[in-house]
Amino acid sequence: MMPGLGKKYDVDIETISKPKLEFHTDEYYASGLPIAPAITVNGELLQGADFTEERFEALICRHLDINPPEVKKGLLRNIFGR
């Protein structure tokens, strides 16, 4: 998801990967970084349930000051509104 959107919008994406236990150390908490999985774009955070491709793309577009692409709704999205 992230590399494809990085190419699409010509933005640099840095991925930080750590063993799960490293996210629960005093040093990591002191760093101010979010607990994974999360994405930060210019200080704005997407984490947990907020983390979807559509929301990530909308976040990138908002920071590039462009309109995000329209999300095509499928049958389930039309029924449940998600």
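Me: What makes the pairing of glutamate 57 and lysine 8 a salt bridge?
Reply: This is a predicted model. In it, the side chains of glutamate 57 and lysine 8 meet at 2.8 Å, N to O. The cut-off is 4 Å between a Lys or Arg side-chain nitrogen and a carboxyl oxygen of Asp or Glu, so the pair qualifies. Glutamate 57 lies in helix α3 and lysine 8 in helix α1, so the bridge ties together parts 49 residues apart in sequence.

Me: Why is glutamate 57 called buried?
Reply: Its relative accessible area is 11%. Buried means under 20%, so the label holds.

Me: And lysine 8, buried or exposed?
Reply: Exposed: lysine 8 has a relative accessible area of 52%, and the label needs over 50%.

Me: What makes the glutamate 57 and tyrosine 9 side chains a polar contact?
Reply: They come to 2.5 Å.

Me: How do you know that the buried residues of α1 line one face?
Reply: They are Leu5, Gly6 and Tyr9. Seen down the axis of α1, they fall within an arc of 105°, so they share one face of the helix. On the other side, Pro3, Lys7 and Lys8 are exposed. The cover over the buried residues includes α3.

Me: Why does lysine 18 with glutamate 22 count as a salt bridge?
Reply: The N to O distance is 3.9 Å. The cut-off is 4 Å, so the pair counts.

Terms used. Residues are numbered from 1 along each chain as its sequence is written. This is a predicted model: local features need pLDDT of at least 70, side-chain atom pairs count only at pLDDT 80 or more; totals for chains, interfaces and linings use all residues. Side-chain values use heavy atoms; hydrogens and water are left out. Buried means under 20% relative accessible area, exposed over 50%, partly exposed in between (1.4 Å probe, protein chains only). Helices (H or I, at least four residues) and strands (E, at least two) are DSSP runs, numbered from the N terminus. The arc is that of the directions from the helix axis to the C-beta atoms. Contact means heavy atoms within 4.5 Å. A polar contact is a pair of N or O atoms within 3.5 Å; within protein, one must be able to donate a hydrogen and the other to accept it, and residues adjacent in sequence count only if both atoms are side-chain atoms.
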